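Good morning, and thank you for coming.

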Amino acid sequence: MDIQINTHRIRFSKDPKSLSRDKATIIFLHDSLGCIDLWKDFPEKVTSITDCNVIAYDRQGYGKSEAFSILKRDRNYLKKEAEFLGKIIETLHLKNVILFGHSDGGSIALLTAALFPEKINGIIAEGAHVFVEAETINGIKEAVLAYNKTNLKEKLSKYHGDKTDGVFKMWTETWLSASFQTWNIEKHLPHIKCPSLIIQGEKDEYGSIAQVNAIVQNTSGNSRSLIIPEIGHTPHKENPEIVLKETADFICNILTSC
């Protein structure tokens, strides 16, 4: 379903009017190449074991939302996405909100909770970044090679259509630019008051455990880490069983209603 937020047409996974006002709402935030459809059935599995509302959306430029209205991002693009999410929560009149973000979506979840602590009751973040590392840059360079030499572009085109090149360039060109190398959002972390579950694969190709440690050590709310052995950057796909279990336990502890 498309909804106008500010001046942008944004695709949501369902009609917000269908959400129960008596339940908590989990908002799923996709990664730098993601969209609603790439979550597959994971959000529905979460709702089946938590009895929460779930909703996802395609950020501007992704999936079935409208195309990017800019040609180049600045170093504050994730903060701007967090501010936009705050507007979404306000426009849709969502209460008792929990964020589940992957990669860029995880960073957006952290920033949203820091900017709007009164709006967010909990965070689950997978593979989130709070600063730039060599692992991140090397992983993105490998993705650029894959985009140029494999069928990665073809795979992404199934989800982003004629916006695919824009999606890929916005991610890679921003993170590989000289101006982005000093990007750091650690100063925002102490403003996060809600509980958080910080998930990362032990073999994450885009970041080290230093990302997790920085988040857990600097947030003001009750924060704990979950490092999953032998997997990479996408825990909810690579080991969905443990992510579902830990997510359900985390949410039930917040809601004290399971």
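Let us begin with C35, which is buried, since its relative accessible area is 3% and the cut-off for buried is under 20%. C52 also counts as buried, at 4% relative accessibility. Please keep in mind that this is a predicted model.

How many disulfides does a search of the whole structure find? The search finds 0. As a reminder, a disulfide is a covalent bond that joins the sulfur atoms of two cysteines.

Now to the sheet. The strands of a sheet pair through hydrogen bonds of the backbone, in either a parallel or an antiparallel manner. Here, 8 strands make up an open sheet with mixed pairing, and their order is β1-β2-β4-β3-β5-β6-β7-β8. Which strands stand at the edges? They are β1, residues 2–5, and β8, residues 223–228. Each has a single partner strand, so one side of each has no neighbour in the sheet. From one strand to the next, the twist averages 25°.

Let us look at one pair within this sheet. Strand β6, residues 120–126, pairs with strand β7, residues 196–201, in the parallel sense, over 4 bridges. One of the residues involved is A125, whose bridge partner in β7 is I198.

Finally, the helices. Helix α3, residues 104–115, packs on the sheet and touches β3, β5, β6 and β7. The direction of α3 makes about 145° with that of β5. Helix α9, residues 240–255, lies across β3, β5, β6, β7 and β8, and α9 runs at about 165° to β6.

Thank you for your attention.

Methods:
Residues are numbered from 1 along each chain as its sequence is written. This is a predicted model: local features need pLDDT of at least 70, side-chain atom pairs count only at pLDDT 80 or more; totals for chains, interfaces and linings use all residues. Side-chain values use heavy atoms; hydrogens and water are left out. Two strands pair if DSSP finds at least two bridges between them. Helices (H or I, at least four residues) and strands (E, at least two) are DSSP runs, numbered from the N terminus. Axes are lines fitted to C-alpha atoms, for helices over the stretch in contact, and angles run from 0 to 180 degrees between N-to-C directions. Contact means heavy atoms within 4.5 Å. A disulfide is a pair of cysteine sulfur atoms within 2.5 Å. Buried means under 20% relative accessible area, exposed over 50%, partly exposed in between (1.4 Å probe, protein chains only).
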